[in-house]
Amino acid sequence: METSEILKKVRKIEIKTKGLSQNIFAGQYHSAFKGRGMAFAEVREYQFGDDVRDIDWNVTARFRKPYVKVFEEERELTVMLLIDVSGSLDFGTRKCMKSVIATEIAATIAFSAMQNNDKIGVVFFSDRIEKYIPPKKGRKHILYIIREMLDFHPQSTKTDIGEAVAYFTRMMKRRTTAFVISDFYDNKDFLKQFQIANNKHDLMAVQVYDRWAKQLPDVGLMKVQDAETGSEMYIDTSSKKVRAAHARYWTEREAILRETFSQANVDWMSVATDEDFVKAMMTLFSSRNS
């Protein structure tokens with residue numbers, strides 16, 4: 001992609017997503033995430049009504065009476081975007097490719113963070129860590145992130161979500177708000193990595209998918225290629241059995257994914273390539289305020 005074309009696309013995404021973050025998500029973002037980044041301030045004696053989970057057992061044992069940790073809200077949050085750049089994201093049969101929707105969602109979150117004076121950073125991942133962009137503030141930094149998302153060329157086409165989340169947990173020492181943006185096409189179990197990350201940080205999942213992954217159309221014999229392995233095969237979409245098996249595979253896979261998010265206590269949203277992601281994001285943000 002030529003530089004002039006990239007800059008045009010960056011500008012187009014900025015206009016759309018910055019407007020969304022200013023006009024729609026500003027209040028939702030603030031109330032959904034502010035107050036969740038807490039820093040330790042001091043210890044004091046336990047008072048009636050204090051949360052027992054805040055008891056500092058080391059200090060309590062030393063003074064032989066209960067003491068609790070006191071936290072204060074951090075003035076700014078650090079937001080990390082863990083973005084899947086594997087081969088399966090370069091697919092779309094309707095409005096656009098999954099990678100385009102992922103970019104627009106990531107940009108909207110980034111501009112919302114900017115409105116709130118928060119830092120924003122990125123981890124691009126496939127089945128390895130492709131690139132790490134440290135958290136910074138400002139429009140120039142966000143435009144750099146968007147440019148990278150539009151024209152990034154990963155070394156691998158495969159996926160390892162668990163590796164990406166484990167890397168994020170190791171890298172970020174202070175509590176961080178993080179979004180894993182992916183189609184979640186990964187045959188490996190990443191529950192443990194999600195649980196560990198969400199105990200230390202505030203982790204959310206954003207699933208992007210194409211309608212054909214959910215329900216195959218009846219278009220006769222079709223040649224398909226696995227974007228991650230390169231293997232090719234023909235499938236007869238006119239067969240009801242084939243379409244039913246495909247739908248059943250999607251349902252079973254989605255059930256496992258939902259259970260993973262539930263067990264890890266991770267909030268999540270799901271959006272198709274032909275859907276407006278605004279509604280899904282509003283629902284995700286508002287659910288965290290209830």
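Let's start with helix H4, residues 139-150, in this predicted model. Now look at which parts of H4 are tucked away: His-141, Ile-142, Leu-143, Ile-145, Ile-146, Glu-148 and Met-149 are buried. When you read a list like that, keep a handy rule in mind: an α-helix has 3.6 residues a turn, so residues three or four places apart point the same way.

Next, hop over to strand E6, residues 177-182. How many of the residues of E6 are buried? The count is 6 of the 6, so the strand is largely enclosed by the rest of the structure. In a regular strand the side chains alternate between the two faces of the sheet. You can follow that here: Thr-177, Phe-179 and Ile-181 point one way, while Ala-178, Val-180 and Ser-182 point the other way, and all are buried.

What does E6 pair with? Strand E3 (residues 78-84) is one partner, joined to E6 in the parallel sense over 5 bridges. If you want a spot to look at, find Val-79, which stands opposite Thr-177. Strand E7 (residues 202-209) also runs parallel to E6, with 6 bridges between them. There, Ala-178 has Leu-203 as its bridge partner. To get from E6 to E7, trace the chain through helix H6 (residues 191-200): together they make a right-handed β-α-β unit.

On the way from E6 to H6, you pass through a loop that holds Phe-184. Its phi is near 60°, a positive value in a residue other than glycine. Is Phe-184 buried or exposed? With a relative accessibility of 3%, Phe-184 counts as buried. Compare Asn-265, in the loop between helix H8 (240-263) and E10. Phi of Asn-265 is also positive, near 60°, but Asn-265 counts as exposed because its relative accessibility is 63%.

Back to the inside. The largest nonpolar core has 47 residues, and those touching the most other members are Leu-81, Ile-83, Ile-105, Ile-146, Phe-179, Ile-181 and Phe-285. Helix H3 gives the most to this core, with 9 residues. There is also a second, separate core of 23 residues, which includes Met-80, Phe-168, Ala-178 and Val-180.

Phe-168 leads us to helix H5 (residues 161-171), where it is buried along with residues including Ile-161, Ala-164 and Val-165. The cover over the buried residues of H5 includes E3, E6, H6 and E7. At the start of this helix, a side-chain oxygen of Asp-160 reaches to within 3.4 Å of the backbone nitrogen of Gly-162.

Ser-112 sits in helix H3 (residues 98-115) and counts as buried at 2% relative accessibility. Beyond its close sequence neighbours, Ser-112 is in contact with Ser-21, Phe-25 and Tyr-29. Thr-273 lies in the loop between strand E10 (267-272) and helix H9 (277-287). At 0% relative accessibility, Thr-273 counts as buried, and its side chain makes a polar contact with the side chain of Asp-210 (3.3 Å).

Definitions and conventions
Residues numbered from 1 in each chain as written. Predicted model: local features only at pLDDT ≥ 70, side-chain atom pairs only at ≥ 80, totals over all residues. Heavy atoms only, no water. Helix = DSSP H or I, 4+ residues; strand = E, 2+ residues; numbered from the N terminus. Buried < 20%, exposed > 50% of the residue type's maximum accessible area, 1.4 Å probe, protein only. Contact = heavy atoms within 4.5 Å. Polar contact = N/O pair within 3.5 Å; in protein donor to acceptor, adjacent residues only side chain to side chain. Expected span 1.5 Å × (residues − 1). Pairing = 2+ DSSP bridges. Right-handed = clockwise from strand over helix to strand, strands pointing away. Core = buried A, V, L, I, M, F, W, Y, C linked by side-chain atoms within 4.5 Å.
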